[in-house]
Amino acid sequence: MLEKALKGSKGYAFWIVALLAIIVIGGIFYLQQLSYGLGLTGMSRDVSWGLYIAQFTFLVGIAASAVMLVLPYYLHDHKAFGRITILGEFLAVAAIIMCISFVIVDLGRPDRVFNLLLHPTPNSILFWDMVVLSGYFLLNIVIGWVVLNAERNEVPPPGWVKPLIYLSIPWAVSIHTVTAFLISGMAGRGFWNTAIMAPRFLASAFASGPALLILFAYVIRRFAGFDAGRQAIQSLAKIVTYAMVISLFFLGCEFFTVFYTQIPDHMNHFIYLYRGIGDGSNLVPFAWLSGITGILATILLLVPKTRNNPKILGAACILVFLSLWIEKGFALIIAGFIPSPMKKIMEYAPSGVEIMITLGVWALGLLILTLLYKIAISVKQELEL
Amino acid sequence: MDESRRRFLKIIGLSTLGLSGTAVVEAFAADKADRYLSYEQAFAGKKWAMVIDLSKAAQACDGCRNCIDACHRIHNVPDMDLPKNEVKWIWKDNFEHAFPAQTHHYLEQNYQGRPSIVLCNHCDNPPCVRVCPTKATFKRADGIVAMDYHRCIGCRYCMSACPYGSRSLNWRDPREFLNETNKEFPTRTRGVVEKCNFCVERLAQGLMPACVAACKEGVLSFGDLNDPASDVSALLSKHHTIRRKPHLGTQPRIYYIV
């Protein structure tokens with residue numbers, strides 16, 4: 001099936017070359033970071049994780065959201081998802097590769113990354129993150145590929161893949177739960193130290209991932225002439241709506257707990273994020289932009305008239321993605337470090353190098369996604385001819 | 001796909017699975033170290049701790065950097081160019097920053113802004129050790145939280161987990177920022193985390209930690225909590241002492257006399 005990724009229109013070739021160019025540019029900046037050290041980034045002694053780890057956190061959510069297609073399709077026989085479940089699985093594959101790449105570009109000594117395997121440490125949540133992420137990657141690539149191959153040969157998928165499909169459902173929940181535990185399990189960081197972190201992560205993931213899938217479905221219809229189907233899009237839209245409402249509710253729970261109890265170690269981070277402390281207000285416009293776009297998107301999604309309009313639905317999905325990307329892909333990680341344990345306000349902004357490397361990793365993810373989608377869609381279109 | 005390629009891919013896939021599987025199995029079989037007979041004079045059983053006398057600090061620490069300089073010199077701690085890249089093992093901060101929960105509007109005038117020496121607390125229940133994914137940071141039998149600079153992958157999980165801000169990453173090559181190098185202690189490479197090691201290398205030679213030896217004013221005291229005759233045991237029995245952020249359950253081994 002791989003050969004299908006090699007044949008395509010001029011536009012397809014141009015897109016691939018453009019992505020490759022961005023990957024190469026990102027790679028050059030990464031080499032620079034390797035030789036100089038992480039001092040080239042905006043991170044500091046006080047804000048010791050930045051854009052890379054935030055992107056990692058966000059993308060684990062995108063990966064986990066494949067379950068929002070797998071579960072209705074395989075457990076509830078929701079036939080409308082038959083055409084696009086593979087798109088969810090392949091999105092998970094690409095997202096996990098991005099996650100792993102973001103962790104690696106964030107390491108001070110990437111040459112020692114295999115110490116994770118040489119000296120496995122079960123008391124570290126990072127160990128479990130490695131286990132669940134690699135497992136989820138394998139599950140999705142195997143399931144996606146085998147099911148697609150069976151479809152191409154017009155035979156039912158082999159029996160052994162069914163248990164894997166069922167396993168992938170709780171496994172999707174596990175990857176985002178473990179990633180939430182990574183940050184919620186630290187007593188000294190009041191912003192993250194909340195039991196609702198894992199549920200919050202899952203809710204926002206199940207909004208941002210399916211929103212992205214709707215947008216991809218639009219792109220694919222436009223450029224590849226493959227229609228996901230109105231019903232599939234509308235089902236996804238309802239999932240985004242529910243998840244977005246739950247996500248906002250969870251954020252509200254955080255606000256109540258933090259501002260009603262007024263424990264400074266927890267509250268100061270929220271004050272920094274939404275109002276700024278002293279001169280430190282880098283994140284304030286982003287935090288409000290995330291809040292406003294999130295609420296606006298939820299209203300557009302809740303009202304059936306706007307949700308049923310494909311154009312407005314697309315706009316709402318862009319707003320959902322933007323809102324949650326800012327929240328989880330940036331603010332949530334950074335604000336956890338400000339103020340510091342010594343009450344210092346050391347602000348953070350990503351450096352140019354950091355942004356270029358981040359774009360390179362996104363281009364890598366999009367390249368893998370494009371190739372996988374090209375294969376999947378070519379197979380499906382051949383069958384329909 | 002032809003049959004041989006398919007078989008090749010299957011073998012590759014299965015071996016990758018097998019490799020990661022052994023890692024998980026090994027992880028649970030690990031922790032079999034320390035199965036040596038212990039040397040009679042070994043440190044086993046000791047509980048090292050430090051007492052810092054803040055009542056003396058107001059005068060003694062004003063303008064004095066003896067402990068900091070001594071520590072940073074013998075441990076090859078670099079003097080970085082930018083504050084964001086800073087590496088420090090022991091430093092001075094305000095009372096209010098070292099003890100945010102103990103601060104209030106009516107704090108005795110002379111405690112406001114009082115210099116407080118801070119360093120790694122060598123917690124009895126260290127969160128940094130709990131989160132480290134490679135055991136590069138670990139707790140020794142004598143309670144010292146130590147680091148293996150050759151194993152650290154620079155993920156900085158420990159920096160996030162430490163509630164005292166005691167850890168630094170080498171954001172750049174630290175060797176470029178050393179005026180002189182102490183050949184008896186390793187320098188570090190860029191990309192690894194480091195922190196105070198309670199002078200394990202000096203304790204092994206029967207010497208007091210460098211900061212304690214350098215402090216002429218008696219602000220810093222060091223000793224074994226298991227030994228009732230030690231300086232620290234004597235000070236702890238006589239004075240009311242506090243620790244940084246005790247509510248987090250980390251059980252710091254640095255005690256402060258107020």
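A disulfide is taken here as a pair of cysteine sulfur atoms within 2.5 Å. By this rule the count over all chains is zero. The sulfur of B:Cys158 has its closest cysteine sulfur in B:Cys152, at 6.2 Å, which is too far for a bond. Likewise, the sulfur of B:Cys196 lies 5.4 Å from that of B:Cys120, the closest cysteine sulfur, and this too is too far for a bond. B:Cys158 is buried, at 10% relative accessible area, and B:Cys196 is buried at 7%; buried means under 20% (1.4 Å probe, protein chains only).

The model is predicted: local features need pLDDT of at least 70 and side-chain atom pairs count only at pLDDT 80 or more, while totals for chains, interfaces and linings use all residues. Residues are numbered from 1 along each chain as its sequence is written, chains are lettered from A in the order in which they are written, and side-chain values use heavy atoms, without hydrogens and water.

Between the chains, 57 residues of chain B are in contact with 49 residues of chain A, contact meaning heavy atoms within 4.5 Å. The buried area, that is, the accessible area (1.4 Å probe) that the two parts lose on being put together, summed over both, is about 4400 Å², with 55% from carbon and sulfur atoms. In chain B, the residues losing the most area to chain A are B:Lys84, B:Tyr157 and B:Trp171, together 16% of what that side buries.

The rule finds one salt bridge across this interface, where a side-chain nitrogen of Lys or Arg must be within 4 Å of a carboxyl oxygen of Asp or Glu. A:Asp106 and B:Arg156 form a salt bridge through their side chains, at 2.6 Å from N to O.

Note on methods:
Buried < 20%, exposed > 50% of the residue type's maximum accessible area, 1.4 Å probe, protein only.
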